[in-house]
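Q: Hi! I'm new to this one, could you walk me through it?
A: Happy to, let's take a look together.

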Amino acid sequence: MNNKYKLHEFLDVKRLQTLQDNFSKSMMIALVVVDQDGVPVTQASGFSDFCARSRLNESLANHCYESDNAGGRAAMESGKPVVYRCYCGFVEFAVPIMINDHYLGAFISGQVKVEEEKERTIPYILDNNEIWKENEWLIDLHHDAKRMPYDRFESTASTLLHVSSYLVEQAHTNNIQRELHRKDLELTDELRKRVEIERSLHEAEFKALSYQINPHFLFNVLNTIGRLAYLEDAQRTETMVHDFSDMMRYLLRKNNHGLITLSHEINYVTCYMSIQKVRMNDRFDYECDIPEKYLDVVCPFLILQPLVENFFNYVVEPRDTPSMLRISATDDGHDVILEVTDNGDGMSRADIANILSGDENRQKGGIGINNIKNRLQLLFGESYGLVISSAHQPRMGTTITLKFPMLQA
């Protein structure tokens, strides 16, 4: 039987031991708790000399465990205490420990003799093989076993059933309360994440909002400048204006779900890099290796923009040597894996940990990176997000790996 509950996980064994010891002492009867396989989970309380000595013998102990297991199973099937005789003839009872029809184990008690007439009517739980008689030193101990009136014996079993039911119900209630508390914490954390993501999305859209006052006017002005550049044969100016115009169109085209195709995202980055080339000329190079099959995959709006800006802020600007940025895409059959790699001096493990944990480390572009991770997880689930790897050595660079589902637009 494969139970989703295990006795030692469901009940506090130390408290169970204390209860067992006290019950055994007050009722003057042997008692032990076994799990669903008949294996003791508590130390024996009030065992007779015969039973205590028998269990020191491996062969006899196995018979005892088999009897305990059989008694517990019988009690499980009946749902109430079961009285029986063990393989050596003592009268015992098993009280099932169950929760929602799942058998956890049983209280095994007894090791007594009752009125002979009554005792003859009590069936053996296993065959009476009398193997214990092969040990002469056990015969006298068997003869000296405690006698108990059957009425009192039966009343003890009934009392223990009520104790067991209360114990299990209390543990079950506590488990439910713990589970509700855990789910409440998860819900609170999820709500907090949603609030943070909504805020981060607004930050990512800040530039777009600035241009939404009158987008038609903006594009009219850009088109006019581009036309003038064409008439004056200023090709670089014309190209720059068109790139900037494409960037603004992208910022204004995001849908309500915060998703866009990867082709539009890459086009935005390409326009951005072209404009930066006019500003910085040969201070950096840029390579984009995105196979065509990924271009229609959906991704979060402005997922690359913070990473590209960080490249200029923390790799290109601080140094005079040429810098390099490479964006590539692969997949594992289910998800797109996007890598953004630079040749800067990298980040320390502490900085990476702070960024990914949500620490607002503006000096390392932490807010933008953490927002990307949170947006990926909010949109696609906790198994998605980003990973930062860096040797933190001069010109050894940093790689930021993003993963999201390969969903077509």
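**The sheet and its helices**

Q: Let's start with strand 2 and strand 3. How many bridges join them?
A: Four bridges do, and the two strands run antiparallel, with strand 3 covering residues 91–99. Keep in mind that this is a predicted model.

Q: Which residue is the bridge partner of Val 83 in strand 3?
A: That's Phe 93.

Q: And the sheet they belong to, in what order do its strands come?
A: The order is 1-4-3-2, in an open sheet of four strands with antiparallel pairing. Strand 1 (30–35) and strand 2 (82–85) each have a single partner strand, so they stand at the edges and one side of each has no neighbour in the sheet.

Q: How much are neighbouring strands turned against each other, on average?
A: By 25°, ignoring direction.

Q: What about helices, which strands does helix 4 lie across?
A: Helix 4, residues 58–78, lies across strand 1, strand 2, strand 3 and strand 4. Its angle to strand 3 is about 55°.

Q: And helix 2, which strands does that one lie across?
A: Helix 2 (residues 13–27) lies across strand 1 and strand 4 (102–112), and it runs at about 150° to strand 1.

Q: Changing topic: how many residues does helix 11 have?
A: It has 19 residues, 262–280, and reaches 26 Å from its first C-alpha to its last, close to the expected 27 Å.

Q: Which of its residues are buried?
A: Quite a list, including Leu 262, Ile 266, Tyr 268, Cys 271 and Met 280.

Q: What comes just after helix 11?
A: Asn 281, which takes a positive phi of about 55°.

Notes
Residues are numbered from 1 along each chain as its sequence is written. This is a predicted model: local features need pLDDT of at least 70, side-chain atom pairs count only at pLDDT 80 or more; totals for chains, interfaces and linings use all residues. Side-chain values use heavy atoms; hydrogens and water are left out. Two strands pair if DSSP finds at least two bridges between them. Axes are lines fitted to C-alpha atoms, for helices over the stretch in contact, and angles run from 0 to 180 degrees between N-to-C directions. Contact means heavy atoms within 4.5 Å. The expected span of a helix is 1.5 Å times one less than its number of residues. Buried means under 20% relative accessible area, exposed over 50%, partly exposed in between (1.4 Å probe, protein chains only).
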